[in-house]
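Thanks, everyone; I would like to take a few minutes on one model and go through it contact by contact. Please have the display in view while I talk.

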Amino acid sequence: MSDNGDTTHEDFDEAVNMTPKQLSEWLDTEESTSVGQDDGGESVGHRSGRRIVEILEKPKGERTESDEEHMRKVVGYVHRHLAQRPDGDVRETRWRYSLMNWGHDPLED
């Protein structure tokens, strides 16, 4: 584990506020697959969501450097995206759906 592993885990735990079950169920929805940057198949965010589920299901002591790298990417994405919150009701917005693909439901803050 890297020197900043504890910080990475804490930041990740704060950024990801969905359980593995919630996130897995979300990723199976049409709304989830309707958003995100498409690279010719599955969107980047949707693929990230599947990886987040895998990370959440691992004991912290078994998380790899690769997992920690993805965790830092998730934290950065969530923080950047939250700063771009649109005005008004966000319940059924692409903004919220994108965040949820990355494991964060802004309605749960």
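Let me start with Met71, which lies in helix α5; helices here are DSSP runs of H or I with at least four residues, strands are E runs of at least two, and both are numbered from the N terminus. This is a predicted model, in which local features need pLDDT of at least 70 and side-chain atom pairs count only at pLDDT 80 or more, while totals for chains, interfaces and linings use all residues. Residues are numbered from 1 along each chain as its sequence is written, and side-chain values use heavy atoms, with hydrogens and water left out.

Is Met71 buried or exposed? Met71 has a relative accessible area of 0%, so it is buried, where buried means under 20%, exposed over 50% and partly exposed in between, with a 1.4 Å probe and protein chains only. Leaving aside neighbours within four places in sequence, Met71 is in contact with Thr8, His9, Phe12, Ile55 and Arg63, contact meaning heavy atoms within 4.5 Å. Met71 and Phe12 are 59 residues apart along the chain, yet their C-alpha atoms are separated by 5.9 Å.

Phe12, for its part, touches Ile52, Ile55, Leu56, Arg63, Met71, Val74 and Val75, again not counting residues up to four places away. Phe12 is also among the residues that touch the most other members of the largest nonpolar core, together with Leu23, Trp26, Ile52, Val74 and Val78, in a set of 22 residues. Such a core is a set of buried Ala, Val, Leu, Ile, Met, Phe, Trp, Tyr and Cys residues joined through side-chain atoms within 4.5 Å. The largest share of this core, five residues, comes from α5.

Beyond its neighbours within four places, Asp67 is in contact with Arg51, Ile55, Lys58 and Glu62.

That brings me to the packing of α4 and α5, whose axes are 11 Å apart at an angle of about 125°. This angle makes α4 oblique to α5, since under 35 degrees counts as roughly parallel, over 145 as roughly antiparallel, 65 to 115 as roughly perpendicular and the rest as oblique. The axes are lines fitted to C-alpha atoms over the stretch in contact, and angles run from 0 to 180 degrees between N-to-C directions. Ser48, Arg51, Ile52 and Ile55 in α4 meet Ser66, Asp67, His70, Met71 and Val74 in α5.
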